[in-house]
Amino acid sequence: MLLLIKWELMHLDTTQYFGASELAGYAGERNRCWEKHKINEQWTKEMATEVESLNVHDGVFLFDRGLMDAGEPYGEECDGLIEAEVNGNWTPQEKALHEARLKAKAKRRLRRTSSRDSARESLSDAPGEPGADPNSPKGKINANDRKSRMGKGRGLPKKGGAGGKGVWGVAGLVYEMEEPDARDPNYDEVAQGDTVYATVVPELDERELEKTVNPIVQEYFEHGDTREVQMLLKGLNLGSNKFEFSSLAVSLSLEGKASHRELTSRLLSDLAGKVLSENDMARAFDKMLQDLPDLILDTPEAPQMLGQFIARAIADHALPMDFLGRYKGRVDCDHARAALDRAAVLLSMKREIVRLDNVWGVGGGQRPVKHLIKEMNLLLKEYLLSGEVSEAEHCLRDLEVPHFHHELIYEAVIMVLESNGEAAVKMMVKLLKAFWKTGLITLDQMNRGFQRVYVELPEITLDVPHAHTILEPFVDLCYQESVITKHLRDACPSRGRKRFVSEGDGGKIKN
């Protein structure tokens with residue numbers, strides 16, 4: 001306050017020496033000094049209150065020069081107060097302000113020193129262990145102690161023990177049951193009750209269906225087991241393209257053999273009502289009738305074959321009976337009309353037969369052995385009557401049993417032994433020679449057929465006593481026509497004749 005009064009006296013009559021701008025600057029400096037004085041006065045009152053509270057307790061204050069040097073400087077005003085103290089010009093308020101500053105600085109110094117020495121004092125004052133080693137595990141400070149080491153607070157854990165890593169909440173806290181939310185990322189469906197696991201198979205599109213179905217059909221042509229195909233189809237998700245399986249199977253069989261088409265007809269009959277419905281079959285044949293112009297490029301006989309497929313499927317109850325009636329007067333394609341006419345003719349001719357079993361012939365390795373033997377006998381008898389080698393060759397190829405051609409050789413030789421004329425022998429040699437030249441019958445099959453006759457010749461002679469006399473010239477003629485080898489001719493058994501020399505030789509046999 002005295003400084004402010006001195007300022008007023010010094011600048012009382014300055015207007016006569018200075019201009020208006022200089023006086024305005026001095027007036028601003030005076031206002032700033034007055035505001036600073038008011039702030040210092042308020043802070044002095046607060047510090048006085050704090051000093052009074054500190055006097056109540058026993059405190060240690062160090063009023064020395066070293067303490068002041070160690071603390072933070074107070075600026076030019078603090079230097080002015082110290083200089084005023086030396087001169088003895090302190091007012092009571094300035095003196096109280098100076099003491100409050102020193103005590104506050106001492107208080108901060110005391111807190112810092114006490115917090116640094118707390119760990120050492122706790123180790124030295126431990127009861128029962130005056131000489132404990134600070135490096136031992138027992139002498140170390142508990143790292144999990146939540147008590148503040150800065151001398152602040154009451155030493156309680158934060159948030160009442162509910163905060164920190166690995167803490168689930170305050171002890172004794174009971175949470176209310178919450179309904180699980182299915183949109184929650186941590187939603188556990190297993191914990192909600194009985195869980196049903198289902199394998200989701202994606203639906204096959206048109207390209208993937210063709211890549212998957214072709215190997216299945218090709219493998220079926222080898223083993224002929226419709227149950228395996230049915231099991232494989234159930235494991236696929238055909239979806240709306242289910243009818244495509246029938247059209248793909250028929251298209252592959254058109255490019256194959258007659259036995260493949262027979263197997264395909266059986267497959268469609270077995271799958272009808274189990275995997276494929278009548279509507280699926282109808283959609284498949286509708287598509288094939290529309291694709292006939294493209295199928296003819298690879299298989300010229302596709303219309304006739306497709307008509308046979310339709311007739312066989314209707315006879316097997318795989319197609320609805322009114323399938324042909326749907327197309328009456330509605331077909332513009334000549335190829336589709338030819339296929340439908342072929343099916344109508346077959347159904348009208350075989351009306352009394354439930355199944356058109358022989359629509360694809362009688363061949364194939366899936367046929368019974370007795371049935372194949374019967375077909376071979378009919379082939380040979382028809383040849384002996386007609387003498388047409390090409391027709392016999394065509395019928396043998398349709399049987400599609402190259403592994404069973406030795407049966408044809410066996411039946412041909414037996415038929416020669418049972419005949420009574422030389423015409424049958426010459427015709428049969430001619431037939432075997434034709435089969436040998438075209439490569440339809442291999443050397444192995446030819447040898448196996450003749451060897452079977454050689455082995456069973458003793459039993460054959462029971463029915464045909466003159467079998468030996470007929471077999472030897474037939475084998476020689478086959479060798480001359482290059483039908484059999486010399487080794488096979490020499491292996492033909494011959495019947496030895498017993499000759500007596502005379503009645504007077506005592507019945508001795510002449511060697």
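1. Leu289 is in contact (heavy atoms within 4.5 Å) with Leu306, Ile310, Phe323, Tyr327, Ala336, Ala339 and Leu340, its neighbours within four places in sequence being left aside. The model is predicted: local features need pLDDT of at least 70 and side-chain atom pairs pLDDT 80 or more, while totals for chains, interfaces and linings use all residues. Residues are numbered from 1 along each chain as its sequence is written, and side-chain values use heavy atoms, without hydrogens and water.

2. Leu289 is also among the residues with the most contacts inside the largest nonpolar core, which has 53 residues. Such a core is a set of buried Ala, Val, Leu, Ile, Met, Phe, Trp, Tyr and Cys residues joined through side-chain atoms within 4.5 Å; buried means under 20% relative accessible area (1.4 Å probe, protein chains only). Helices supplying at least two residues each include H9 (258-271) and H12 (302-315), helices being DSSP runs of H or I of at least four residues, numbered from the N terminus. H12 gives the largest share, 9 residues.

3. Beyond its neighbours within four places in sequence, His260 is in contact with Phe221 and Ser253.

4. H9 and H12 pack at an angle of about 35 degrees, their axes lying 10 Å apart; axes are lines fitted to C-alpha atoms over the stretch in contact, and angles run from 0 to 180 degrees between N-to-C directions. In this pairing, Arg261, Glu262, Thr264, Ser265 and Arg266 of H9 meet Met305, Phe309 and Arg312 of H12.

Conventions: Buried means under 20% relative accessible area, exposed over 50%, partly exposed in between (1.4 Å probe, protein chains only).
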